[in-house]
Amino acid sequence: MQWPNVILQGVLIGGLYAMFAAGLSLIFGVMRLVNIAHGDLIVLAAYVSLMATQAFGMDPLTSLVLVVPIMALVGYALQRGLLNFTLGDDLLPPLLVTFGLSVIIQNGLLELFTADSRKLQAGAIEIQTFQLAQTLWIGALPLIQFAVAVAVIAGLQLLFYRTAFGRALRATSDDQSVAQLMGLDTRHIFAMAMALSLAVIAVAGVFLAVRANFDPAIGPARLIFAFEAVIIGGLGSMWGTLAGGIILGVSQAIGAQIDPGWQLLAGHIVFLAILAVRPQGLFPKVSG
Amino acid sequence: MPDGPLLKISAIDAFYGDFQAIFGVSLDVGIAQVVAVIGANGAGKSTLLNCIAGLVHPSAGEILFEDVATTNTPAFEAQKRGIALVPEGRRLFPSLTVEENLLIGGQSRRAGPWTLARVYELFPVLAERRNLPAPALSGGQQQMAAIGRALMGNPRLLLCDEISLGLAPIVVRDIYSRLPQITAEGLSLIIVEQDIVQALHAASHVYCLQEGRVALQGAARDLTREKISAAYFGV
């Protein structure tokens, strides 16, 4: 029977979607900014890793030691130098500016790297598998990817609820002007949140690029997956986001098993069904 | 130590959106002095406090705090210099616990007498409820938490915006009865109030604002009810 296998693969890719989604929901939660360029920044991280592997002969997973800090710096600078100026009572300016950013990143990557499909080579680890049961196999790489996703989500949860920085993020999210009265420089807090978001998607981008082909145009579809995982899981809950990613991943895997053309459609249908039945998501944060 | 008053406001104008809320207001606060600012709704009291705290920047005039201009200082820097505001309506962070709200106030790590333990000593009920989410507190307890949160920054000047708003008189008296413990540390206080009796009782100096201008000021003991109602209502 292939179904257990299908569901297992869906769960494992769900971890990747959860990482896409965690960065997006973090930014929206803290500063009400909908980052349309989120998917393209994931792809940008993949290309940064590609450059690192080519320049230093690094293994893609090792390249994370470079890609994560680079993307975090990009995030900080982007927020401080551009996006902070778009924030205000109106949701539209950041939406438009990040939409423009998305176009710029896609075309910049196209100019630099052409439209050719690339893939990062992680070596032997890519084909290593373990047998769980008679007909159930699990790949080393998807397993590592899922474990990393769970660790990232757990780390974010700890950061939010157990550290002074997390407290400052939550306070800023609640009430920006009172946060300033408490001595918090919200421009800096926002920039740190964007740095954190891009550090998370740097990890996601590298795993994406190891498991599948990528080219400069695949960003917007990753953005959709991130949106869907956030909304399925419910805004404001990190574990909900992980559940949302897994539900999306499993739906896509089941759809693909029925008919390869149904992979994306199945994910979208489940998303729409949840949006219709439970618009607040499955695990929304209890509002104060 | 500065020679002048702790806070010296000279002829500031300020806008609330497109609407001019403050016209040429001047005000002094000495070290360890309690000053009350009274006035009707819309008299510009909150805008005045927001100017001092750095949330609103005056379009004209000057604000000196410890002899340094803070006219255009952003709020987060004003807090680090020692100005704390207890905002109108308390505005605790709803997704944080009571203790987390207090800790946020102390995050700037200014040195001084106020610690979590001291705030709990001042308001013991907060210690009992430290792990509850802030919205679970009663109005009076929320006001205590908002005052405690501001104190955690160890300010030299504490601005209290309508701390009696929406609270039962007995709760208001309870909170006001603890102000001497706060000012005992050499802290200066500006209290904005609509409750004139409370304000006159707590403060040594009173400013009455009317339509954005200082209509009356003087030592609290010299002001009669008649003078105040004339300034308050402009009759």
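**Notes on a two-chain model**

1. A:T114 sits in the loop of chain A that runs between α4 (92–113) and β1 (129–133), where helices (H or I, at least four residues) and strands (E, at least two) are DSSP runs, numbered from the N terminus. Although A:T114 is not a glycine, it has a positive phi of about 60°. A:T114 is exposed, because there are 11 other C-beta atoms within 10 Å; by definition a residue is buried with 20 or more other C-beta atoms within 10 Å of its own, exposed with 12 or fewer, and partly exposed in between, the C-beta atoms being placed from the backbone.

2. Residues are numbered from 1 along each chain as its sequence is written, while chains are lettered from A and ligands numbered from 1 in the order in which they are written. The model is predicted, so local features need pLDDT of at least 70 and side-chain atom pairs count only at pLDDT 80 or more, whereas totals for chains, interfaces and linings use all residues.

3. On confidence, the model scores ipTM 0.90 and pTM 0.91. The mean pLDDT of chain B (pLDDT being the predictor's confidence in each residue, from 0 to 100) is 91, and 98% of its residues score at least 70. Among the elements of chain B, the highest mean belongs to β6(B), at 96, and the lowest to α10(B), at 79.

4. In chain A, helix α1 (residues 3–31) packs against helix α8 (residues 186–211) at an angle of about 170°, and their axes are 8 Å apart. This makes α1(A) roughly antiparallel to α8(A), since angles under 35 degrees count as roughly parallel, over 145 as roughly antiparallel, 65 to 115 as roughly perpendicular and the rest as oblique. Axes here are lines fitted to C-alpha atoms, for helices over the stretch in contact, and angles run from 0 to 180 degrees between N-to-C directions. The residues that meet include A:L16, A:F20 and A:L26 in α1(A) and A:F190, A:L198 and A:F207 in α8(A). By class, this contact of α1(A) with α8(A) has 19 nonpolar, two polar and no charged residues, where Ala, Val, Leu, Ile, Met, Phe, Trp, Tyr, Cys and Pro count as nonpolar, Asp, Glu, Lys and Arg as charged, and the others, Gly among them, as polar.

5. Chain B has an open sheet of six strands in the order β6-β7-β8-β3-β9-β10, with mixed pairing; two strands pair if DSSP finds at least two bridges between them. Its edge strands are β6 (83–86) and β10 (213–219) of chain B, each of which pairs on one side only. Direction ignored, neighbouring strands of this sheet are turned by 15° against each other on average.

6. Within that sheet, β6(B) and β7(B) run parallel and are joined by four bridges, with B:L85 having B:L159 as its bridge partner in β7(B). Five bridges join β7(B) to strand β8 (residues 188–193) of chain B, again in parallel, and B:D161 has B:V192 as its partner in β8(B). How many residues of β7(B) are buried? The count is five of its five residues. B:L157, B:L159 and B:D161 point one way from β7(B), while B:L158 and B:C160 point the other way.

7. Helix α6 (residues 139–151) of chain B packs on it, touching β6 and β7 (157–161), and its direction makes about 170° with that of β6(B). Helix α10 (residues 225–233) of chain B lies across β3, β9 and β10 and runs at about 35° to β9(B).

8. A further open sheet in chain B has four strands, ordered β2-β1-β4-β5, with antiparallel pairing. β2 (19–29) and β5 of chain B each have a single partner strand, so one side of each is left without a neighbour in the sheet. Strand β1 (residues 7–16) of chain B is joined to β2(B) by seven bridges, and B:K8 has B:D28 as its bridge partner.

9. Between the chains, 16 residues of chain A are in contact with 23 residues of chain B, contact meaning that the C-beta atoms of two residues, placed from the backbone, lie within 7 Å. On the side of chain A that touches chain B, α6(A) gives the most, with six residues. That side of chain A has seven nonpolar, four polar and five charged residues.
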